[in-house]
Amino acid sequence: TYGCRCYQPYRCFHALKLIKKDCLLSPRVSRCASTAAVPRITTHYTIHPRDKDKRWEGVNMERFAEEADVVIVGAGPAGLSAAIRLKQLAAEHNREVRVCLVEKASQIGAHTLSGACVEPRSLEELFPDWKERGAPLHTPVTEDKFGILTETSRIPVPILPGLPMVNHGNYIVRLGHLVSWLGEQAEALGVEIYPGYAAAEVLFHEDGSVKGIATNDVGIQKDGAPKATFERGLELHAKVTVFAEGCHGHLAKQLYKKYNLRENCQPQSYGIGLKELWTIDEKKWKPGRVEHTVGWPLDRHTYGGSFLYHLNEREPLVALGFVVGLDYQNPYLNPFREFQRWKHHPSVQPTLEGGKRIAYGARALNEGGIQSIPKLTFPGGLLIGCSPGLLNVPKIKGTHTAMKSGMVASEAIFSQLINENLQSKTIGLDVQEYEENLKKSWVWKELYAVRNIRPSCHTVLGVYGGMIYTGIFYWLLRGMEPWTLKHPGNFIIS
Ligand SMILES: Cc1cc2nc3c(=O)[nH]c(=O)nc-3n(C[C@H](O)[C@H](O)[C@H](O)COP(=O)(O)OP(=O)(O)OC[C@H]3O[C@@H](n4cnc5c(N)ncnc54)[C@H](O)[C@@H]3O)c2cc1C
């Protein structure tokens with residue numbers, strides 16, 4: 001594509017400046033310049049320290065600091081539920097608790113991307129009166145379909161009660177709207193929300209415990225030099241910092257290393273979820289219908305499948321998407337292209353014909369399940385939601401588990417905050433009860449029950465082996481089988 005004559009030119013990430021004899025992929029032909037001298041692909045100060053950069057001499061690097069009781073990073077379902085539960089408990093006990101929440105999206109819910117068919121269990125626990133409060137859950141599931149696709153046809157699969165694919169009792173939602181609504185509830189309870197601020201750095205006390213976070217600096221040129229408008233980020237200090245960044249958060253990755261949190265779990269594995277929102281012809285619109293497929297265009301060794309949900313939002317809307325496990329074996333597979341092919345399947349295309357795509361996005365999902373959950377607590381902080389990987393993989397549902405983990409965390413934090421006899425070894429509080437309590441909750445039971453489904457897709461039968469395993473062992477034993485399968489050939493994304 002760029003003149004690099006290696007075998008996979010479009011895959012070559014080093015093809016901007018080419019010189020002879022330097023191609024990573026094909027040493028016999030031209031090689032990329034990048035191997036000769038590493039180009040400056042980032043100007044970030046973590047890679048190019050500012051104290052060694054003359055352009056930063058004399059720039060005021062002092063940061064303004066705020067003190068809170070609890071700081072939460074990320075306003076997704078997990079972070080917001082944690083914030084709300086803390087404020088609810090404070091109100092019940094007539095205590096003052098300062099809760100600050102930073103969210104990198106410019107508006108709460110703006111970065112949320114999900115199917116989404118949600119289980120309302122956690123919402124019911126958080127706000128038993130959610131209907132009266134006007135939570136945007138307008139579409140109860142009325143029809144559930146599951147099928148295996150071949151290139152030209154669709155084989156219907158019966159959904160037996162108790163299988164992960166059962167969706168009766170769930171709601172099809174626009175998750176961004178639900179998150180935005182949770183944001184309003186949090187604000188009404190007194191949570192201080194800072195949208196548009198990314199937590200860029202974890203701060204530590206001298207005793208090694210987490211002190212809080214710092215938000216990103218602004219006013220920096222592309223080449224890493226300060227602009228005249230340069231402004232330092234803000235420090236937010238807290239007794240406990242809650243990390244609710246979602247899947248593969250960059251601060252969580254630092255914490256894994258610092259506290260060795262992944263010591264006793266399997267490496268995490270990932271999938272990519274692609275999603276689109278369409279307005280379709282009203283005649284084809286079936287509000288409440290949920291459809292899932294596996295099979296074509298993916299081969300049996302590629303984990304993944306599709307979803308298509310008909311929403312009831314005053315206009316004929318459908319949310320559709322495709323999830324592909326990133327452990328696929330064919331290096332030429334392109335998840336986005338597979339999604340496009342799936343849309344042309346004879347059982348899918350008629351729904352979309354005459355319609356219009358109005359939104360789209362993609363996001364990573366954790367697929368490691370309970371085997372890959374790290375230690376959740378450390379001095380001064382803890383991890384909730386999809387950050388540590390609490391997604392129910394075969395259901396592709398993590399909103400309810402994320403919310404519940406936030407609630408359990410807040411209950412444990414609150415009891416430490418009000419404990420006058422508490423003797424903490426570190427300045428940042430180590431809320432170990434959160435992990436203990438989560439392990440006793442329905443979240444852990446649910447994740448444990450489905451733990452073998454994803455790894456069972458790694459036999460010669462591939463995804464169909466997983467379906468057979470689900471039909472026999474999961475359906476009969478509901479996760480009580482006395483073994484736990486490992487993820488074979490697990491790879492690590494650092
Ligand atoms: C394609 C797809 C389909 C899905 N379908 C369903 C479904 O049907 N049902 C279901 O229940 N679940 C579904 N999920 C999963 C669901 O979206 C997640 O489980 C859920 O959103 C997890 O919530 P969370 O709060 O942990 O993380 P997130 O929702 O990811 O929220 C994290 C938030 O933190 C913010 N953030 C991250 N880093 C920082 C930082 N450094 N500073 C400030 N803010 C930060 C992000 O902007 C984001 O708003 C799906 C996911 C995908 C990708």
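## Helix α5

In this predicted model, helix α5 spans residues 250–259. Leu251, Ala252, Leu255 and Tyr256 are buried there. These four residues cover an arc of only 145° around the axis, which puts them on the same side of α5. His250 and Lys257 are on the other side of the helix, and they are exposed.

What lies over the buried residues of α5? The cover includes β4 (70–73), β12 (199–204), β17 (240–243), β23 and β24. Asparagine 260 follows the helix. The phi of asparagine 260 is positive, near 55°.

## Helix α9

Helix α9 takes in residues 432–440. Its buried residues include Tyr434, Glu435 and Leu438. Look down the axis of α9: the buried residues fall within an arc of 95°, so they line one face of the helix.

The elements covering these residues include β23 (377–378) and β24 (381–383). Two helices are also among them: α8 (399–417) and α10 (442–449). Strands β23 and β24 are also among the elements that cover the buried residues of α5.

## The seven-stranded sheet

Strands of a sheet pair through backbone hydrogen bonds, either parallel or antiparallel. Here, seven strands form an open sheet with mixed pairing. Their order is β9-β8-β19-β20-β21-β18-β22. Which strands stand at the edges? They are β9 (154–156) and β22 (356–366). Each has a single partner strand, so one side of each is left without a neighbour in the sheet. From one strand to the next, the twist averages 20°.

Now take one pair inside that order. Strand β18 covers residues 270–279, and strand β21 covers residues 316–325. The two run antiparallel, joined by nine bridges. Leucine 274 has phenylalanine 322, in β21, as its bridge partner.

A helix also packs on this sheet: α6, residues 335–343. Helix α6 touches β18, β20 (304–312) and β21. The direction of α6 makes about 135° with that of β21.

## Around the ligand

How many residues surround the ligand? There are 42. The closest are Gly76, Gly246, Gly273, Gly385 and Gly398.

By class, the shell has 20 nonpolar, 16 polar and six charged residues.

Terms used:
Residues are numbered from 1 along each chain as its sequence is written. This is a predicted model: local features need pLDDT of at least 70, side-chain atom pairs count only at pLDDT 80 or more; totals for chains, interfaces and linings use all residues. Two strands pair if DSSP finds at least two bridges between them. Axes are lines fitted to C-alpha atoms, for helices over the stretch in contact, and angles run from 0 to 180 degrees between N-to-C directions. Two residues are in contact if their C-beta atoms, placed from the backbone, lie within 7 Å. A residue is buried if 20 or more other C-beta atoms lie within 10 Å of its own, exposed if 12 or fewer, and partly exposed in between; C-beta atoms are placed from the backbone. The arc is that of the directions from the helix axis to the C-beta atoms. A residue is near a molecule or strand if its C-beta atom, placed from the backbone, lies within 6 Å of it. Ala, Val, Leu, Ile, Met, Phe, Trp, Tyr, Cys and Pro count as nonpolar, Asp, Glu, Lys and Arg as charged, and the others, Gly among them, as polar.
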